[in-house]
Amino acid sequence: MAVREAEPVGSLQEVKEAGLDREDLLAIYRNLLITRGIEERGHILYKQGKIPGSFYTGRGNEGAAVGLGMAMGPNDVGTPLHRDMGVHITRGVEPWRIFAQYMGREGGPTRGRDGNVHMAVAELGLHTMVSHLPAMLPVATGMALAFKIRGDRRVAVGWFGEGAAARGDAHEAMNMAGVRQLPVVFVCDNNQWAYSTPTYLSYPIEHIADRAAAYGFEGVVVDGTDVLAVYREARRAIEKARDGGGPTLIECLTLRMEGHAVHDDAFYVPKEMFEQWAAQDPIERYRTWLYAHAGLTEDEESELTAAVKRILNDALERADESPLPESATLEASVFASPEDLDTPHHK
Amino acid sequence: MAEMTYIQAISDALRVEMRRDPRVFLLGEDVGVYGGAFKVSLGFQEEFGPWRVIDTPLSETAIVGGATGAALMGLRPVAEMQFADFISCAWDQLVTVAAKQFFRGGTPIPIVVRLPSGGGFSGGPFHSQNPESSFAHIPGLKVVCPATPHDAKGLLAASIEDPNPVLFFEHKHLYRRIKGEVPEDRYTVPFGYANVHRPGDDATIVTWGAMVHTATEAADELAKEGFEAEVLDLRTLIPWDKDRVLEGVQRCSKVLVLHEDTRTGGFGAEIAATIAEEVFEHLDAPVKRIAAPDTPVPFSPPLEKAFIPQVDDVVKALRELAEY
């Protein structure tokens, strides 16, 4: 089973065939802008000293994340990572909660127990990542196992990076999913740099997706800066899994356009590489496509960008109103009580 | 009531839970067709089918991580490590993911990991360990160590019912050696309550797992000399019954802390420190501690005998307490 390289999406007709109407197309643009806007504002807050700890962004990966998020069904679940803000946004996390999370406030999804992008809102089908990558892949496999046992027509999506692909968790998760043909889609955000480690020091083959063959399922490489191509491939893989066709490994190729975190100036990334990938910025690329194929007008665009700006301003204001957690609550949150069980995300 | 071995009580608990709750399922290496390395789930696949008794690849990380994911989706997984020793391969999934997910994400992880542990039959360094203290140190995990068939059944039911990750250490040396009366109906033994396995007022022995029986034999020996030691079986380490331990120390004024795990950083150290902090003035003798030496579990019988605390070691320590 050779790895397949996904075709770019060219026309509006292709997009319609993939299941998106014009409203969806504008929603994608809005989600891309919010995703980048949150991370840009977060970066400023960090520099102002308003965010403790460190700060990570997914600049360059917005298209891959939003495309995947759009392709998931309402009852599907996933474990997005620190470059996947677009998944949270697309699933409907309120932006103020993300700023609250950054600032360690009660209103953040982890109520100040964890920071930065270590968060998820379970009611939206997302479950929070840990720093140990790719430890959430076996968890995604387990979610899919639950669906298979119960006969649910639901799909789990597990994310990892090309760096984390070197760890054993990735192997165990994909092998077990392949053995049991579970409804799970593995998404490799291949941004070409694991902190300072280039791909040729992370893996000795052409594509991470080549490994899918070793687990008995299909692998596909897609241009992660093409949100529509990512959407189409993700939709295909998710619906295949839903229909009992087993897992798929989707490798989204991008470039991490900033350092590993904001303290890292990424001096080790060749300048030409940044220049080359800047020319295919996922948001600019999609904007151009919208003008060319979906009849986006300047009025529509300025209305949209103004709306996003408002959303972000309001979100910041609301996040700032959210209180810091009470230290007296610390020890009470280690163990769950029976009443914490069987909340909506469990069903 | 029926007389059951310790291992039969574990099987019985699993069967009862799986019959009453369709969300409960088993996963692990060789648990299905083969019935588990120790035959705990023998015949289960016939009764419950291959999707509730799941034979996995040799993948401890995927077993525990998979259990975590399935629990997040509302199931009640019971994962089996073939030997407790192999839990080291799944450390990250337990300690990094399962233990911290409720604290961080507010989502409970109701999983049970069954861990056949302990030595006494030349299992060597990788089939004999008692790693409970390592996990007792991790906030977010519960640690259960039954010593009797009655408690094995009731604590396993309570573990499955608990909304948190529970490590269920079942002592292999007790599997077929210990028999006892076990109610046929379902019942739970609540966490955090020690059991007086043998009453006494002259000293209290705080212990758990297979050492409960070692301690009892030793206490019976000392009773012939008129020294009655209480054997307090903690049953669960997280949470542990601090109140009952401190009460025993206050009443008896002499205490022996005993465990099969190695000494340094063992859970006995936590107990001894708590006694020193809270009831020091009630002690008539220094706290005694018996544990395995700080070595890997050895293979050859004389070495293993030197490693695992023996009845004679406990008798000697009790005599020293009696004479103090």
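A helix and its neighbours

Modeller: Helix α9 of chain B covers residues 267-279, and at 1.5 Å a residue its 13 residues should span 18 Å; the end C-alpha atoms are 18 Å apart, which agrees. The expected span is 1.5 Å times one less than the number of residues. Helices (H or I, at least four residues) and strands (E, at least two) are DSSP runs numbered from the N terminus.

This is a predicted model, in which local features need pLDDT of at least 70 and side-chain atom pairs count only at pLDDT 80 or more, while totals for chains, interfaces and linings use all residues. Residues are numbered from 1 along each chain as its sequence is written, and chains are lettered from A and ligands numbered from 1 in the order in which they are written.

Four residues of α9(B) are buried: Phe267(B), Gly268(B), Ile271(B) and Ile275(B). Seen down the axis of α9(B), these buried residues fall within an arc of 105 degrees, so they line one face of the helix. The arc is taken from the directions from the helix axis to the C-beta atoms. On the other side of α9(B), Ala273(B), Ala276(B) and Glu277(B) are exposed. A residue is buried if 20 or more other C-beta atoms lie within 10 Å of its own, exposed if 12 or fewer, and partly exposed in between, with C-beta atoms placed from the backbone.

The buried residues of α9(B) pack against several elements of chain B, among them β12 (236-238), α8 (242-252) and β13 (255-262). Contact here means that the C-beta atoms of two residues, placed from the backbone, lie within 7 Å.

Take α8(B) next. Two packed helices are described by the angle between their axes and the distance between the axes. The axes of α8(B) and α9(B) come within 11 Å and cross at roughly 65 degrees. These axes are lines fitted to C-alpha atoms over the stretch in contact, and angles run from 0 to 180 degrees between N-to-C directions.

From α8(B), the residues Lys242(B), Val245(B), Leu246(B), Val249(B) and Gln250(B) meet Ile271(B), Thr274(B), Ile275(B), Glu278(B) and Val279(B) of α9(B). Sorted by class, this contact has six nonpolar, two polar and two charged residues. Ala, Val, Leu, Ile, Met, Phe, Trp, Tyr, Cys and Pro count as nonpolar, Asp, Glu, Lys and Arg as charged, and the others, Gly among them, as polar.

Two of the elements that α9(B) packs against, β12 and α8 of chain B, have a loop between them, and Pro239(B) lies in that loop. The peptide bond joining Ile238(B) and Pro239(B) is cis, with omega about 0 degrees.

Another element that the buried residues of α9(B) pack against is α5 (132-136) of chain B. Ser122(B) is in the loop between β5 (112-117) and α5 of chain B. Phi of Ser122(B) is near 55 degrees, a positive value in a residue other than glycine. Ser122(B) counts as partly exposed, with 14 C-beta neighbours inside 10 Å.

Chain A has a residue of this kind too: Asn116(A), not a glycine, has a positive phi of about 35 degrees. Asn116(A) is in the loop between α5 and α6 of chain A and is buried, with 23 other C-beta atoms within 10 Å.
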